[in-house]
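Try each task yourself before reading the solution.

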Amino acid sequence: MKINQIITEKLSSIVYHSTGIDTLYTILATDTFILTPDFGTSAEAERRAKNRTYYMSFSRSPINDYHDTRSGGNCVIVVDGDAMNRAG
């Protein structure tokens with residue numbers, strides 16, 4: 001049995017994404033999430049520039065330090081994890 005038959009990765013039914021107000025406006029205006037490039041160290045950046053590795057962070061809870069909205073700088077978006085799982 002192969003490891004990808006044993007382990008699967010997927011989002012929970014509902015997940016949360018934290019972003020700034022300007023980025024939220026762009027997401028709403030374009031109906032598009034812009035992914036963040038993952039360059040890591042400078043050695044990794046050279047290798048990954050060709051592969052263009054990107055990521056988007058989600059959490060399973062809207063209440064944690066990552067989503068600290070008390071300062072007014074971040075917005076929390078509720079995302080349909082099931083729909084993202086079907087798309088992926």
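**Exercise 1. Decide whether F33 is buried, exposed or partly exposed, and find the patch that F33 belongs to.**

Step 1: F33 has a relative accessible area of 31%. The cut-offs are under 20% for buried, over 50% for exposed and partly exposed in between (1.4 Å probe, protein chains only), so F33 counts as partly exposed.

Step 2: Helices (H or I, at least four residues) and strands (E, at least two) are DSSP runs, numbered from the N terminus.

Step 3: Together with L35 and Y54, F33 makes a nonpolar surface patch with about 260 Å² of accessible area. Patch members have over 30% relative accessible area and no salt bridge; like charges are joined within 9 Å, nonpolar side chains (Val, Leu, Ile, Met, Phe, Trp, Tyr) within 5 Å. A salt bridge is a side-chain nitrogen of Lys or Arg within 4 Å of a carboxyl oxygen of Asp or Glu. The areas come from the Shrake-Rupley method with a 1.4 Å probe, and for residues only the protein chains shown count as cover.

A quick note before you go on: this is a predicted model, where local features need pLDDT of at least 70 and side-chain atom pairs count only at pLDDT 80 or more, while totals for chains, interfaces and linings use all residues. Residues are numbered from 1 along each chain as its sequence is written, and side-chain values use heavy atoms, with hydrogens and water left out.

**Exercise 2. Work out how the elements of the protein chain are ordered and where confidence is lowest and highest.**

Step 1: Count the elements: the protein chain has 4 helices and 4 strands.

Step 2: Read them off from the N terminus, and you get α-β-α-β-α-β-β-α.

Step 3: Now check pLDDT, the predictor's confidence in each residue, from 0 to 100. The chain's mean is 77, with 66% of residues at 70 or more. Helix α3 (residues 42–51) has the lowest confidence, a mean of 61, whereas α2 has the highest, at 90.

**Exercise 3. Find the largest nonpolar core and say which element gives the largest share.**

Step 1: Know what you're after: a set of buried Ala, Val, Leu, Ile, Met, Phe, Trp, Tyr and Cys residues joined through side-chain atoms within 4.5 Å.

Step 2: List the members. The largest such core holds 6 residues, namely V15, L24, I27, C75, I77 and V79.

Step 3: Sort them by element. Both α2 (21–30) and β4 (74–80) supply at least two residues, and β4 gives the largest share, with 3 residues.

Step 4: Zoom in on V15. Leaving aside neighbours within four places in sequence, V15 is in contact (heavy atoms within 4.5 Å) with F58, S59, I77, V78, V79 and G81.

Step 5: Zoom back out. Buried residues are 16% of the 88 in the protein chain.

**Exercise 4. Say what stands out about the phi of D31.**

Step 1: Start with the general rule. Most residues other than glycine have a negative phi.

Step 2: Compare D31, which isn't a glycine but has a positive phi of about 55 degrees.

Step 3: Locate D31 in the loop between α2 and β2. With a relative accessible area of 73%, D31 is exposed.
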